[in-house]
Amino acid sequence: MILSNNARDKGVKLTSDLTLTRPYACFPAKLNQVVLNLVNNAIDATPRGGEVHVDTRVNGAWVEIAVRDDGEGISDANISKIFDPFFTTKPVGKGTGLGLSISYRIVMEHQGTIAVTRNETAGVTFLIRIPTEPKDPGTRTEGAAKAAESP
Ligand SMILES: Nc1ncnc2c1ncn2[C@@H]1O[C@H](COP(=O)(O)OP(=O)(O)OP(=O)(O)O)[C@@H](O)[C@H]1O
Ligand SMILES: [Mg+2]
């Protein structure tokens, strides 16, 4: 609801192809936050008349969530910084620059990966992959993500 309102206000078409064929274990509220941020970023980056597409699927041992936009893309200078806390190219008061760093941490908590690629035509695609069978479900906690981040 929130996302379709944002898309409509911006004049961006929001489409999805949600083909998850089986349930999987996750922290739903946290993954929701990730998708919310990725789709809002995509809407922000896409000009009026453009399209944002969300794809979910099971691919072997992974759940994949892809968010593709038609937007302005990300420069070479910025692409290595987008997951840094407080990195934003949005005007003061609009973005905190925390969305992607929080998203990154949440994906790590799920033992997953998050990657961005440039589309052939325009814009970028963020791809999240979450294992359907986490190695040790007991470690799939915030504590585990902290441990994984430390040297
Ligand atoms: N789909 C996208 N297309 C182009 N640039 C993007 C996209 N997603 C993220 N970015 C870039 O990455 C930066 C960081 O994104 P992030 O979500 O962390 O913060 P933000 O959107 O700026 O602020 P916040 O999410 O805290 O409101 C953005 O300011 C933007 O420059
Ligand atoms: Mg954001």
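Colleague: Which residues in helix 1 meet residues in helix 2?

Modeller: In this predicted model, where local features need pLDDT of at least 70, side-chain atom pairs count only at pLDDT 80 or more, and totals for chains, interfaces and linings use all residues, side-chain values use heavy atoms, with hydrogens and water left out. Residues are numbered from 1 along each chain as its sequence is written, while chains are lettered from A and ligands numbered from 1 in the order in which they are written. Leu3, Asn6, Ala7 and Lys10 in helix 1 meet Leu36, Val39, Asn40, Ile43 and Asp44 in helix 2; contact means heavy atoms within 4.5 Å. Helices are DSSP runs (H or I, at least four residues), as are strands (E, at least two), numbered from the N terminus.

Colleague: Why are helix 1 and helix 2 called roughly parallel?

Modeller: The axes of helix 1 (residues 2-10) and helix 2 (residues 28-45) come within 10 Å and cross at roughly 5°. Axes are lines fitted to C-alpha atoms, for helices over the stretch in contact, and angles run from 0 to 180 degrees between N-to-C directions. Angles under 35 degrees count as roughly parallel, over 145 as roughly antiparallel, 65 to 115 as roughly perpendicular and the rest as oblique. Helix 1 and helix 2 are therefore roughly parallel to each other.

Colleague: What makes the pair of phenylalanine 83 and tyrosine 104 tilted?

Modeller: Rings of Phe, Tyr and Trp (its six-membered ring) pair if their centres lie within 6.5 Å; planes under 30 degrees apart count as stacked, over 60 as edge-to-face and the rest as tilted. By this rule there are two aromatic pairs. In phenylalanine 83 and tyrosine 104, the ring centres are 5.9 Å apart and the planes stand at 55°, so the pair is tilted.

Colleague: Why is the pair of phenylalanine 83 and phenylalanine 126 called edge-to-face?

Modeller: Their ring centres lie 6.4 Å apart and their planes are at 75°, so this pair is edge-to-face. Phenylalanine 83 is in the loop between helix 3 and helix 4 and phenylalanine 126 in strand 5 (residues 124-131), so the pair ties together parts 43 residues apart in sequence. Ring pairs link Phe83, Tyr104 and Phe126 into a cluster.

Colleague: How do you know whether phenylalanine 126 is buried or exposed?

Modeller: Buried means under 20% relative accessible area, exposed over 50%, partly exposed in between (1.4 Å probe, protein chains only). Phenylalanine 126 has a relative accessible area of 6%, so phenylalanine 126 is buried. Phenylalanine 83, at 22%, is partly exposed, and tyrosine 104, at 33%, is partly exposed.
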